[in-house]
Amino acid sequence: MKNIHHKITMVLIAALIFGSSCKKYLAVNDNPNNPTQVPVDTRLVGAITTTNGASMWRAAREVAGIMQYGATKNTTGANKDAETWRMTASYFLWQNAYTWAIPNCVDLALLGEKDGSPHFVGAGKLLKAVNFGLLTDQYGAIVLTDAYNGESQVKLTPKVDSQQVVYQEIDKMLDEAIAAFSSTANKTPLNNSNGDIIYKGDVEKWKRFAWSLKARYLNHLSRKGSLYVPAKIIEACTNGFNADGMDAEFPYLAGGQQTDENPWYSWGGFTSVTDPRYFTWTQFFVDILTKLPVTEAVYQDPRISRIMSPAPSDSKYRGLRSGLGLAGGQGGTGTFKNEVDYGRFSNSGFYTKQTSPFPFITYSEVKLIEAEARLRSNDITGAITAYEQGVKANMRKLGVPAAEINAYWAAQLANGLNAHFSSLTNGLSHIMRQKYISLCLNPETWVDMRRMDYSQQIYGPGLQRPANLNTVVFSATNPNDWIRAMVYETNEQNRNPEAVGDNSEQTRLRTRLWWDRP
Amino acid sequence: MLPLILLITLESDGQQKTLTGKITDSQDGLPLPGVTIAVKGTSRSTLTDNGGNFSITADPGQVLIFSFVGATPVERTIGNEASIDVAMEKNIKSLSEVVVTAFGVEQEKRALGYSVQEVKSREITDSHQPNIVNALQGKVAGVQITNSGGAPGASAIMLIRGGTSLSGNNQPLYVVDGIPIDNSTPVGQGGLSASAAPASNRAIDINPEDIASITVLKGPSAAALYGLRAADGVVVITTKKGGGATRINYSNSFSFDVVNRVPELQSVYKQGEQGVFNPASTASWGPAFQPGETVYDNLGNFFKTAFTQKHDISASGGNDRSTFYSSASVFDQDGIVKNLEFKRYSFRLAADTRISDKLKVGGSANYNKTSRLYFSQGDANGIMAALFWPRNDDMSNYLNANKTQRTITGADNPYWGLEKKPITSNVDRIIAIGNIIYDPFSFLNITYRIGTDYFTDNFTSIRSAGTTIVSEERGAISQTSANNQITTSTLLVTGRKSFREKFNFSLTLGHNVENARTQSVSSFGRNFIAPDFPNLNNTVQSDRTVSQFVSRRRIVGAFGDLNIDYKGLAFLNFRARNDWSSTLPVKSNSFFYPSVSASVLLTDLLKESGLITEDIFISFGKIRAAWARVGKDAPPHVLAPTLSTATNTFTIAPRGFISNVNNFFGNPDLRPEFTNSIEIGTDVRFFRNRLGVDFTYYKTSTDDQILGTRTPPSSSTFLAYLNGGQIDNEGVELILTTRPVVRKNFTWSLDFNFSRNRATVKALPGTLDRVELSDAWVANNVAQGAGFLNGSLFGINGSVWKRDASGQLLLSNTGYPQVKSTLENIGDRAPDWVGGMTNTFTYKSLSFAFLWDIRIGGDIFNATENALVRSGLSTKTLNRGQSMVFDGIIESTKAKNTLSVPLNQNYYQTIYSSQGFDFVEDGSWYRLRYATLAYSVPKSILSRIRVQNLQLNVTGRNLILITNYSGVDPEVSGSGAGVGGSGSFGMDNLGVPATRGVDIGLRLTF
């Protein structure tokens, strides 16, 4: 029996020794494949790339057809769905912004806070505002206060906030970003690991970027009565971009992976030679670039050759009518039905080359926002001055020589520009048509078009609802029945149904967003 | 291995004489080792050695009791003789069957409080299945086995009593000689999706000829001792051991297989679009064939007869101290399509030796080499695109004059693929086990076992230059080299004690450590510089990517197992286990789970109490009940969200670290999940055991699951781990064993098994109403496997027509149905019942056995037919050109539809094939799984040629299949066994169809 006791004692001792090493033995669960945290400065580039490439690009990809910049070639297949307003719950800006983009911006701000580097807090909050801004301007009520915060666990049923709340939050985020950029106590410089691919660490420009966005979102409230305060917009514009060379834009690369290239040129559906996502530009855009506002006097904007390529057949600029495809001919007239009658959309000019940058917001846009705010507050002279600066800045950006710019401006003046600005509608027509050109392919144009109620008085007679319209949803006969918002995505509808509510296309595509209602 | 824990040798107290003797099997005359010889009325007993010899001291006039598990006990009164030889009769269906339950420990089946079922070597080899999982098809109640298809090396899915996990693995744990082995099935190797290149399940590496028996432990109560990995049941494999005289066995078989069923194709319309012939079209929407035009049987010509050969040789033997068993095998199988191939070589050595009366050591080493050559499937670029090749074109003409691929725009010619797009997987695997058994006292046994299962898998997929695959036109290669290892250490200490010969106690305390590790490196390269040399080195650096993956999991367990029995008539068992897992947060990584089971032998109890006598209608009756709980940990490395530097080909390159959207969002608050189960059952035998009924009812509930679920995108991720959700499984199992005829020269036994299981999703986290499985998408995302809240775990999530609240079709302005944007539950892949019926006839040296495998109910999603509809070769499209008025309302006007619309290519390609519900079919089957005829050459002839045993056999597999399913053999799984949760069985998606065939072979023993 003694022997047994001895053995039992041995076993117990062994168990004790084992117990203490057990913890160590089991400590093998740290992820060996991917890090869970990296230094704050190495997160900036990812927040910028995804805010552009996952969010802004996805917000523009289909909307470029709705805004009638690009037109498809075929009247069959899926490419035509966007320009004919066949938008469904399979439109995926939502998931791309929430999963690929926003968490990186949130993490950036959090890590900046922990690191004692408020400049990263500023960049994180600014980029977050860009994402939420893109989302709310297409969906209205969105998940914001319940969205990823970098600290709590995944929420299975995030609730949505009204657009009014979202707008307050965006304005707050931008104020906080401005305050953070103003901080002098910053530990890690923004461009510490060459991640600031927008401004190479120039914090002053980041601050002006934040002010510029603030101006954009305040200006969206033009139908909201007392919430629209021109003075605040003008103040934001003053603090925003004030010279050339400041534009916040995304620099695409050549020579890397295919997804480093500009998607309008490449991976965004443009590698197909036979049926690219957009085949050519619309006649509507060609009209805007070949006619002056209000009078519709013919004058070829020198920017047309910087943005578009002429037809290979005869070097003329032509476009298609949205929804009619190549078969509809130029502007739907039935003439010019050959591919060679049109310059291509992709690889055609300033916006769709392999390494064309994609602007978030530009100096030109800021000046045109200022022009609208001044016009709406009856500062006509100030409005014209800002307008001139906005137009010329964009022309310089596109490389138009001074002589051509001056000639263009002289033609505008000769056509009665100053007199036009004494009418709000005519002034807005000038501003919005210039914004349409200056914000080429930017989803912000869709906000303007809705704020302007898709008015032909503003955009000219060329603006019409597309042919082959989605009449299951939209009235076939009422020309004022325009697309107003997007359908929430299937994944959200299925997995978070209470928050999404009525997601039918009839409701979602036709209901005006909060800022779109008086 | 014999249970040495039973070895009780007590010193004699002198005066008596020593008797010796030899115990043999009455049937084959072979010596019986391990027979207990006890002197009646005393505590004196001994065991026979490996040669069946024994020696015991006793007085004349005393009675010796010879008992052996599985044999009728024999009593002999001692006279004057010095030796006693006894031939013991083994029961065919003995009441005292033993089964291996936990850690290689044999237990008497009658003592168990839960249902287990054992399949013997003979039944396994009779089935002629290279994959041991398939060898169990139709034989075990409560088990549903689905082979993925007819490609050699295809994975087999085993579901025991349904499934307990919504998103994780529902496959049982496989244990060989007490050591858990890897039966994983890789999902998406080398960047190829599971539906394109489903891998093998790794139990396929095991040579079925090495197996002595397989015991299936069905519920968690049977499995509690194996710990958390046993929540879905355990397949306990016991390998053959040596012993007795030296024997050499050789067996072979030669098999011929053909495709079992193929879908019917239309032969009326030829290639083209919109009724117009177009030689560049991939589809058959052209004009009708003219009389006299050749209609090629491209599909039929694509298949051939597959030939397989198998050779097994083994040597075994031993003496009174040691045993050995060694084997080698070659298995070489080719497929019903050219170049498909599966090869397996195995070597095995097992030996043990008794160092002293109290100490025995043993071990085994097993080396397998498995290689597989296969091809991508599941879409137009896969080999089963042969199904929808236009029939006016000879597909076998796959090369142009300049040796480039001859194909039709858009997809590769399947024949070209067979030469130029090989997928290979080469596995080298070693399973090594060592054990020490020490019996310091008659009442105490200490067993220690350590084993490791290590394998490397070298996977290569080549797409040669000239393929039509987008972005790989100049060729591409994907390679993955993976190392996997599971090492397990187990210590068992067992004590036994009896009180007043009435109560017997045995207590086992155990300790268990499991260390699992997987490491892989994957590389990809494209654009071969020299087109004809498909190799990673033949690409420029910027066209190559490489990535690595590591996974580690460690589990430490401690457990106790207490058995109490009363005179062998009533049994009570308590078990408890605590596991510590590396995969859970430290605060919740320790978890405890108990189980209790009991059984009472009613007939024996009544006999014991004298209420009934021996010879009555009911010869045996037992009732049993069990309650068990088993815990489960999380997958490795999921406790924190991670960062990554990759997106995908349609989202911008991130140029740095971003949140990892391609992976599950980690959760630091995970808790262990638990499965609770109850089981009651009865085992009643009538007419001297010639009729047996074994019935079990069970219910399991797994709640607060560790669930990898889909989340709304606004949560910042698509996939996240969390605790939540509940699955209940409820079912019954019935086993009938009969021996209608038992004569001297002729016996007939007839066994049935039936089972029914309902796996219901009772709760899901948040407002989720389904758990979707993206690995099981088919038919251009028209349908996928999914579990539905308050519905089946094995549902089908598919597209449906858009309807209003009253169910009316909402039609487009042109009068066609429209597809709804959200998917619905359109089918249940779980069968209502599964069953098997085995008949065995033995007449003298001739035996004939056949197994009917029955599956009633269970939907199949026919994605193959969907692809045929799109291509225009489906017979469903023969009404093209006709018009119809869809019964519904025009959505935009709410007016009753009156528009007559043509059923044309546009309708079939873009509308009809975009819905899923019309491709759901009943997958019920009755199949003659196998029929085998064996003839043993009589011993009288054999003795002249010094051969112990010679058996000739011929087997037919799948010779009869009765089903209403319209497509291929309904035994299908689109993405193989690797898909967790709801799985991909019942998804028919352009895979190599199942086969039927014959095997002829012989077994020879020297």
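**Helix packing, cores and chain contacts in a predicted model**

Helix 11 (residues 363-376) and helix 15 (residues 424-438), both of chain A, pack with their axes 10 Å apart and at an angle of about 170°. Since angles over 145 degrees count as roughly antiparallel, helix 11 of chain A is therefore roughly antiparallel to helix 15 of chain A. The structure is a predicted model.

**Helix 11 with helix 12**

- Helix 11 of chain A also packs with helix 12 (residues 380-397) of chain A: their axes come within 8 Å and cross at roughly 165°.
- That angle makes helix 11 of chain A roughly antiparallel to helix 12 of chain A.
- The crossing of helix 11 and helix 12 of chain A is left-handed.
- Residues of helix 11 of chain A that meet helix 12 include A:Tyr363, A:Lys367, A:Glu370 and A:Arg374.
- Residues of helix 12 of chain A in this contact include A:Ile380, A:Ala383, A:Tyr387, A:Ala393 and A:Lys397.
- By class, the contact of helix 11 with helix 12 of chain A has nine nonpolar, five polar and four charged residues.

**Helix 9, an enclosed helix**

- Six of the eight residues of helix 9 (residues 283-290) of chain A are buried, so this helix is largely enclosed by the rest of the structure.
- The buried residues of helix 9 of chain A are A:Gln283, A:Phe284, A:Phe285, A:Val286, A:Ile288 and A:Leu289.
- What covers them includes strand 3 (280-281), helix 10 (304-307) and helix 15 of chain A.

**Nonpolar cores**

- The largest nonpolar core has 148 residues, and A:Leu126 and A:Ala210 have the most contacts inside it.
- Helix 4 (residues 93-115) of chain A gives the most to this core, with 12 residues.
- Leaving aside neighbours within four places in sequence, A:Leu126 is in contact with A:Leu174, A:Ala177, A:Trp206, A:Phe209, A:Ala210 and A:Leu213.
- Another core, of 58 residues, lies apart from the largest one; among its residues are A:Leu26, B:Ile160, B:Tyr174 and B:Ile486.

**Contact between the chains**

- Chain B has 55 residues in contact with 62 residues of chain A.
- On the side of chain B that touches chain A, the elements giving two or more residues are strand 26 (544-566), strand 30 (643-644), strand 31 (658-659) and strand 35 (719-723) of chain B.
- Strand 26 of chain B gives the most to that side, with five residues.
- The residues on the side of chain B that touches chain A divide into 24 nonpolar, 25 polar and six charged.

**A buried loop residue in chain B**

- B:Phe919 lies in the loop between helix 7 (905-911) and strand 49 (920-922) of chain B.
- B:Phe919 counts as buried because it has 31 C-beta neighbours inside 10 Å, where 20 or more are needed.
- B:Phe919 and B:Thr864 are 55 residues apart along the chain, and their C-alpha atoms are separated by 9.1 Å.
- Leaving aside neighbours within four places in sequence, B:Phe919 is in contact with B:Phe861, B:Asn862, B:Ala863, B:Glu865 and B:Asn866.

Key:
Residues numbered from 1 in each chain as written. Chains lettered and ligands numbered in written order. Predicted model: local features only at pLDDT ≥ 70, side-chain atom pairs only at ≥ 80, totals over all residues. Helix = DSSP H or I, 4+ residues; strand = E, 2+ residues; numbered from the N terminus. Buried ≥ 20, exposed ≤ 12 C-beta atoms within 10 Å, placed from the backbone. Contact = placed C-beta atoms within 7 Å. Core = buried A, V, L, I, M, F, W, Y, C linked by C-beta atoms within 7 Å. Axes fitted to C-alpha atoms, helices over the stretch in contact; angles between N-to-C directions. Parallel < 35°, antiparallel > 145°, perpendicular 65-115°, else oblique. Nonpolar A, V, L, I, M, F, W, Y, C, P; charged D, E, K, R; others polar. Left-handed = near helix turned anticlockwise from the far one by under 90°.
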